[in-house]
Amino acid sequence: MIPFNKPYMTGDELYYIKDAVSRGKISGNGYYTQKCHSFFKEKIGFRNCLLTSSCTDALEMAAILLNIQPEDEVIIPSYTFVSTANAFALRGAKIIFADSYENNPNIDANTLAKLITKKTKAIVVVHYGGVACDMDTIMAVANQNNIYVVEDAAQAIDSFYKDKSLGSIGHLAAFSFHETKNIISGEGGMLVINDEKFDKRAEIIWEKGTNRSAFFRGEVDKYSWVDIGSSFLPSDVTAAFLFAQLENLNKIQKRRIEIWNRYYENLKEFEGKFRLPFIPEYATVNGHLFYMICNSENERDSLMSYLNTNNVFAVFHYVSLHKSKFYLKENLLKKLSNCENFSDSLVRLPLFYELEIKDQLRIIELIKDFYVK
Ligand SMILES: *Cc1c(COP(=O)(O)O)cnc(C)c1O
């Protein structure tokens, strides 16, 4: 069986974990947490960042930082993972779902203006598969209306909008290091802070609502409860694991992008029978995931079962959130046709570091067989 995903271990993880343990301090914000922060600031160029236990945590921190209150409206693509919306629902926000483009699962930036009301506090965008949203348009609409932008960059490490790193454009951004992502630490995430007015409070929210970090820097003489917050920091053991992965970022990305390109090049001749990912000219490919779009739900399901019968595990993606039971308890069903079309007809193919060329070529052959038979 060719699995859908297989977490890649670089081989250096245990070395750094052993070192973290021998340093005798394994709680949060330790030696390896600092090393990861430095990596992101120096190598990727993020202005400020904080490791978290998950991307979900980073999104929850963003919702607290933006002071989201009950009745505030937050615009979110319906085609996304639950956490994108849940982090804001936790603060009582009313979620306003936006549609995708017809040819790209990302939030359709041209629909935003008509979704904005006096109550709109933030727009959360998701760079699906690491492919950039139309950030110039999104930032312009947000700035005109005094609205914050949060980038859910869970899948977007080492990817770009024009010459800007994804995660460096909105006011805040959230990354994931879950084992299904390009760079992993089992569970893990990071908040990126691009607007300096959030720096101080972010650190407090991160440290259970205390000014503990300022205390350890000697800026205050005791630390105490100063705001709401939670325990959003990962253990330094997790950070040590992550550091091993980060040191191999270029190697991992190179391989994943090669695999992405091999799918694209080999399946291209069949465009017309099904659709391949559309990459806008302002976006790059980071090899996070490869998908194809079938002509119907039936076709998608039979392709998936054909692959399955032939020992290839392919999966669909995102049940539209605007059609979820939870959302419909308090909201009317509206139609977001592009999003629904992706939910019904998109299939993701295996893409992981150790996917062998011969296995990938077998997957490609099976897809060709399915469409010519
Ligand atoms: C993976 C993912 C998340 C959740 O990440 P965790 O680190 O598991 O909390 C959120 N949003 C998107 C778009 C994701 O792909």
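Analyst: What follows describes the pocket, then a helix that contributes to it, and then other features for context. The model is predicted.

The largest pocket holds about 540 Å³ of space. Its lining is made up of 29 residues, and those closest to the pocket centre are Gln155, His178, Thr180, Lys181 and Tyr318. The largest share comes from α3, which supplies three residues. Sorted by class, the pocket lining has ten nonpolar, 14 polar and five charged residues.

Helix α3 covers residues 55-65, and its axis comes within 10 Å of the axis of helix α6, residues 199-206. The two axes cross at roughly 125°. An angle between 115 and 145 degrees is neither roughly perpendicular nor roughly antiparallel, so α3 and α6 are oblique to each other. The crossing of α3 and α6 is right-handed. On the α3 side, the contact is made by Met61, Ile64 and Leu65, and on the α6 side by Arg201, Ala202, Ile205 and Trp206. Six residues of this contact are nonpolar, one is charged and none is polar.

Helix α9 (residues 249-267) and helix α13 (residues 357-372) have axes that come within 11 Å and cross at roughly 30°. That angle makes α9 roughly parallel to α13. This crossing is right-handed. From α9, the residues that meet α13 are Ile259, Arg262, Tyr263, Asn266 and Leu267. Their partners in α13 are Ile357, Gln360, Leu361, Ile363, Ile364, Ile367 and Lys368. By class, the contact of α9 with α13 has eight nonpolar, two polar and two charged residues.

A search of the whole structure finds three cavities of 30 Å³ or more. The largest cavity has a volume of about 100 Å³. It is lined by 14 residues, and Tyr128, Gly129, Val131, Ile279 and Tyr291 lie nearest its centre. The lining of the largest cavity has ten nonpolar and four polar residues, with no charged ones, whereas five charged residues belong to the lining of the largest pocket.

Notes:
Residues are numbered from 1 along each chain as its sequence is written. This is a predicted model: local features need pLDDT of at least 70, side-chain atom pairs count only at pLDDT 80 or more; totals for chains, interfaces and linings use all residues. Side-chain values use heavy atoms; hydrogens and water are left out. Axes are lines fitted to C-alpha atoms, for helices over the stretch in contact, and angles run from 0 to 180 degrees between N-to-C directions. Helices (H or I, at least four residues) and strands (E, at least two) are DSSP runs, numbered from the N terminus. Angles under 35 degrees count as roughly parallel, over 145 as roughly antiparallel, 65 to 115 as roughly perpendicular and the rest as oblique. A crossing is left-handed if the near helix is turned anticlockwise from the far one by less than a right angle, and right-handed if clockwise. Contact means heavy atoms within 4.5 Å. Ala, Val, Leu, Ile, Met, Phe, Trp, Tyr, Cys and Pro count as nonpolar, Asp, Glu, Lys and Arg as charged, and the others, Gly among them, as polar. On a 1 Å grid over the protein atoms alone, a cavity is a set of points where a 1.4 Å probe fits but cannot get out, and a pocket is an open set with protein on both sides within 12 Å along at least five of seven lines; lining residues have an atom within 4 Å of a point. Grid points are joined across faces, edges and corners, and a volume is the space filled by probe spheres set on the points.
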